[in-house]
Every structure is written in C-alpha cells, then in structure tokens.
Amino acid sequence: MFFKSFLIGFSGAMVPGTMLGVTIDGSLKKGWKAGPLIVLGHGILEILLIIVMVMGFRDFFTNPVVGGIIGLAGGVFLAWMGYGMIKSGKNKSVSLENQETGNSIMGKNLVLVGLIVSATNPYFIIWWASTGMELIRQALTIGVIGILFFFAGHILSDFIWYSSVSLAFSKGKKLISDNVYRWIILFLGVFIMGFSIYFISGGLKMLINA
C-alpha cells in the first residue's frame, strides 16, 4: 500500500500544474523551505479529505454542481494570482533583494498558499473522489494502519518532488539577475492565468451539464 500510493502520487506530483508554478515562485522568494511549506498546506487539505471520505461523503465531491462551483472559484483565485504576477513582472516591481512587493500572499504564508491552490483545483477534488477513494477503500481492508501507510506514501512523493524543485530553484537564485527573475515571474503569471481559464471553462461545463 505504501509503495503503490508513493508511485501513483509521484506520477501525479510531477505533472506540471499550479502547485509547480507557486513552488517555483515561492522558492525564488523564500528559498528551499518553500516546497516543504506548500506541501504541508497541500497535505493538511488531503488529511481533511481522507477523513471526510472515510466518513462516507464521497457523493458530495462527485456532484457536478459542487465541482463546477469549485472550478469557478479556483479559476477566479488563479486569475487574481496570475494577474498580480504578470503586473509585477511587467512593472518591474519585484526584486530578489526585496520581496515585500508583488503577490503578498506568496510572501506571507506558503502553507496557506498550498492549501488554497489545492482546494480551488476541481481536478484535485475529482481525483480524490475517484482514484483517491479507491485507494482509501483498498487501504481500509487492512484497517487504520492501511490508511496511515497510504497517506505516508502519497505525501512523501509530493514532499520529495516539490522539495527538490524548491532546492534547485533556490540554489539557482544566486545565478539569476533581477531582470531574469522578472521574466520568470511574468512567465509563471501567464502559466497560472492559463490554468485559471482551464478551471473556469471546466467549472462552467460541469454546471451546464449538471
């Protein structure tokens, strides 16, 4: 159960997405600790989801109306975050020497960022309501210890991947000029804005088909 959840989790963690974008941004601002802190917020949400699903609330998360609302909320949140990054990159208001400017939420609480980015991703919720729920069912066949091994393997894959990304970018920070940094922020802003459109269109589609 541990290795199964580790391998499945690792394949998901390595897929580019919003978690990767905020981890890179946070790493350049806060150093290597950004990855672990973002994964901590991500993990807190996953623990809550596991508890809720074990209690039998799977149908709530598979409801297309719920998924649609999450998608719209997530898209708006990401649009706000992406716009702030694009604006700060274009206005040259961010610097590796001064992190008080730009997207304030990224500089203040990376744990909260990890939680919010995950909670506002409808596909994260859908994964847990399908693949995640099946893994929970299998884990429960060997009791509570199965759930513990399942979660340990799953969160370890996220921790290893995002900590590695964070460490790599924080070390590379010494080789990056403010001009290059601003282009990276601008690119990540466009990247996250793209996901916001994807989330909003997916949310609308779910609500229309509900």
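Predicted model: local features only at pLDDT ≥ 70, side-chain atom pairs only at ≥ 80, totals over all residues.

Me: How are α2 and α7 oriented to each other?

Reply: The axes of α2 and α7 come within 10 Å and cross at roughly 165 degrees. Because angles over 145 degrees fall in that class, the pair is therefore described as roughly antiparallel.

Me: What is the handedness of this crossing of α2 and α7, and which residues of α7 take part in the contact?

Reply: The crossing of α2 with α7 is right-handed. On the α2 side, the contact is made by T18, M19, V22, G26 and K30. By class, the contact comprises five nonpolar, four polar and one charged residues. The α7 residues that take part are L110, V113, G114, V117 and S118.

Me: Is S118 buried or exposed?

Reply: S118 lies in helix α7, which covers residues 110-119. Beyond its neighbours within four places in sequence, S118 is in contact with M19, H42, L45 and F124. Its relative accessibility is 3%, and the cut-off for burial is under 20%. S118 therefore counts as buried.

Me: How many salt bridges does a search of the whole structure find?

Reply: Side chains of opposite charge can pair when their charged atoms come close. D25 and K29 form such a salt bridge, with their closest N and O atoms 3.6 Å apart. A search of the whole structure gives a count of one.

Me: What separation along helix α2 lies between D25 and K29, and are they buried or exposed?

Reply: Helix α2 covers residues 18-30, and D25 and K29 are four residues apart in it. The two are therefore separated by about one helical turn. As to accessibility, both D25 and K29 are buried.

Me: At what angle do the axes of α3 and α9 cross, and how are these helices oriented to each other?

Reply: Helix α3 spans residues 34-54 and helix α9 spans residues 144-172. Their axes come within 9 Å and cross at roughly 155 degrees. Since the cut-off is over 145 degrees, α3 and α9 are therefore roughly antiparallel.

Me: Which residue classes make up the contact of α3 with α9?

Reply: The crossing of α3 and α9 is right-handed. Residues of α3 including V39, H42, I47 and I50 meet residues of α9 including F150, F151, I155 and F159. By class, the contact of α3 with α9 has twelve nonpolar, six polar and two charged residues.

Me: Which residues does M206 contact, leaving aside its neighbours within four places in sequence?

Reply: M206 is found in helix α10, residues 178-209. With a relative accessibility of 15%, M206 counts as buried. The C-alpha atoms of M206 and L72 are 10.0 Å apart, although 134 residues separate the two along the chain. Its contacts beyond those neighbours are P64, G67, G68, Y123 and I126.

Me: For the protein chain as a whole, what share of contacts between residues at least 6 apart in sequence joins residues at least 24 apart?

Reply: The protein chain has ten helices and zero strands. Of its 210 residues, 48% are buried. Among contacts between residues at least 6 apart in sequence, the share joining residues at least 24 apart is 86%.

Technical notes
Residues numbered from 1 in each chain as written. Heavy atoms only, no water. Axes fitted to C-alpha atoms, helices over the stretch in contact; angles between N-to-C directions. Parallel < 35°, antiparallel > 145°, perpendicular 65-115°, else oblique. Left-handed = near helix turned anticlockwise from the far one by under 90°. Contact = heavy atoms within 4.5 Å. Nonpolar A, V, L, I, M, F, W, Y, C, P; charged D, E, K, R; others polar. Salt bridge = Lys/Arg side-chain N within 4 Å of Asp/Glu carboxyl O. Buried < 20%, exposed > 50% of the residue type's maximum accessible area, 1.4 Å probe, protein only.
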